[in-house]
Amino acid sequence: MALTLYVDTARWRAHHKHVQEQFPGLVPVCKGNGYGFGHERLAEEATRLGSDVLAVGTTYEAARIKDWFSGDLLVLTPYRRGEEPVPLPDRVIRSVSSIDGVYGLVGARVVIEVMSSMKRHGIGEQDLPQLHAAIENIRLEGFAIHLPLDRTDGSDAVEEVIGWMDRLRAARLPLHTMFVSHLKAEELIRLQQQFPQTRFRARIGTRLWLGDHEATEYRGAVLDVTRVAKGERFGYRQQKAASDGFLVVVAGGTSHGVGLEAPKALHGVMPRAKGVARAGLATVNRNLSPFVWGGKQRWFAEPPHMQVSILFVPADAPEPKVGEELVAHLRHTTTQFDRIVDR
């Protein structure tokens with residue numbers, strides 16, 4: 001019995017086609033855990049879409065994915081001198097974010113990242129005069145800009161890209177291709193209309209693979225159910241049951257990513273209040289699990305184990321049966337399933 005990712009394959013792929021139609025020249029992104037689907041599966045789906053380029057996170061990911069995808073692989077992590085060399089085929093394109101990085105990749109296929117308002121990495125305007133000489137010994141595939149998701153200052157994403165296009169053009173650098181991230185379809189159209197000689201290619205991961213929430217569902221199988229009375233001790237730490245109910249052992253533990261949560265950026269009073277409430281409950285060992293039974297998310301009886309979780313279901317709820325499955329609200333990018341089922 002397993003933690004299973006169920007995929008409505010026809011609906012999922014229809015969403016892929018819709019995104020592809022919105023973003024001509026789309027570059028699918030496959031990094032991390034493959035957005036919950038795994039690298040091999042996303043490489044297969046990118047091939048199905050007819051993609052000529054697949055973006056990956058690291059050289060190590062490129063080394064694995066090269067056997068599953070026959071097109072070009074764009075490594076998003078910028079090259080740094082002194083990094084561990086990883087044997088890769090010529091169809092791998094490296095990103096660089098510094099002049100030194102460009103000089104370190106003589107003869108290589110390269111995409112040059114410019115510094116956006118994210119301020120994560122990228123060359124600055126002051127570096128542009130040095131680029132002319134630097135790019136003579138590389139095969140320049142284009143420039144790239146990675147934009148922020150939120151713009152709390154009211155700034156315009158398109159204007160930020162236009163600003164960089166103007167700087168690159170003024171520096172007389174080749175502008176045949178610009179890779180972009182986190183733009184809306186209508187914003188991409190605006191850019192393409194303003195710069196018809198440049199091909200804008202959107203690198204998309206989350207919106208492509210996870211944009212239709214109804215196309216996928218995690219479920220954990222019930223492995224055991226034990227009735228407990230109020231005050232009865234249980235589990236590793238021998239805590240007392242707060243009331244009569246059931247201890248439900250369900251597939252899905254820390255090795256699957258259950259109970260592991262990435263920090264979130266909270267905006268507004270209500271989300272912050274909920275965060276404070278969750279933190280307060282955690283101090284008295286009350287942690288809400290991602291598993292749903294009887295229409296409600298159920299509490300962990302104790303912290304999740306490596307491969308299973310133990311939930312507490314009160315006596316007034318229906319008793320789960322061994323072999324039944326509980327829907328689990330899990331974050332795809334931090335979850336590792338036991339099996340994937342297309343239906």
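Gly50, which follows just after α2, adopts a positive phi of about 80°; helices are DSSP runs of H or I with at least four residues, strands are E runs of at least two, and both are numbered from the N terminus. The model is predicted, so local features need pLDDT of at least 70 and side-chain atom pairs count only at pLDDT 80 or more, while totals for chains, interfaces and linings use all residues. Residues are numbered from 1 along each chain as its sequence is written, and side-chain values use heavy atoms, with hydrogens and water left out.

Helix α2 spans residues 39-48, and its buried residues (under 20% relative accessible area, 1.4 Å probe, protein chains only) are His39, Arg41, Leu42, Ala43, Glu45 and Ala46. These pack against α1 (9-22), β2 (27-30), β3 (53-56), α3 (59-65), α8 (206-210) and β18 (339-342).

## Nonpolar cores

A nonpolar core is a set of buried Ala, Val, Leu, Ile, Met, Phe, Trp, Tyr and Cys residues joined through side-chain atoms within 4.5 Å. The largest one comprises 91 residues, and Phe37, Ile112, Leu131, Phe143 and Phe200 have the most contacts inside it. Helix α6 (residues 157-170) gives the most to this core, contributing seven residues. Because domain 1 (8-210) and domain 2 (216-342) both supply residues, the core lies between them; these bounds come from an automatic or database domain assignment.

Phe37 is in contact (heavy atoms within 4.5 Å) with residues including Leu42, Trp209, His332 and Ile340, not counting residues up to four places away in sequence. Another core, of nine residues, lies apart from the largest one and has Phe234, Ala241, Ala301 and Ile310 among its members.

Conventions:
Buried < 20%, exposed > 50% of the residue type's maximum accessible area, 1.4 Å probe, protein only.
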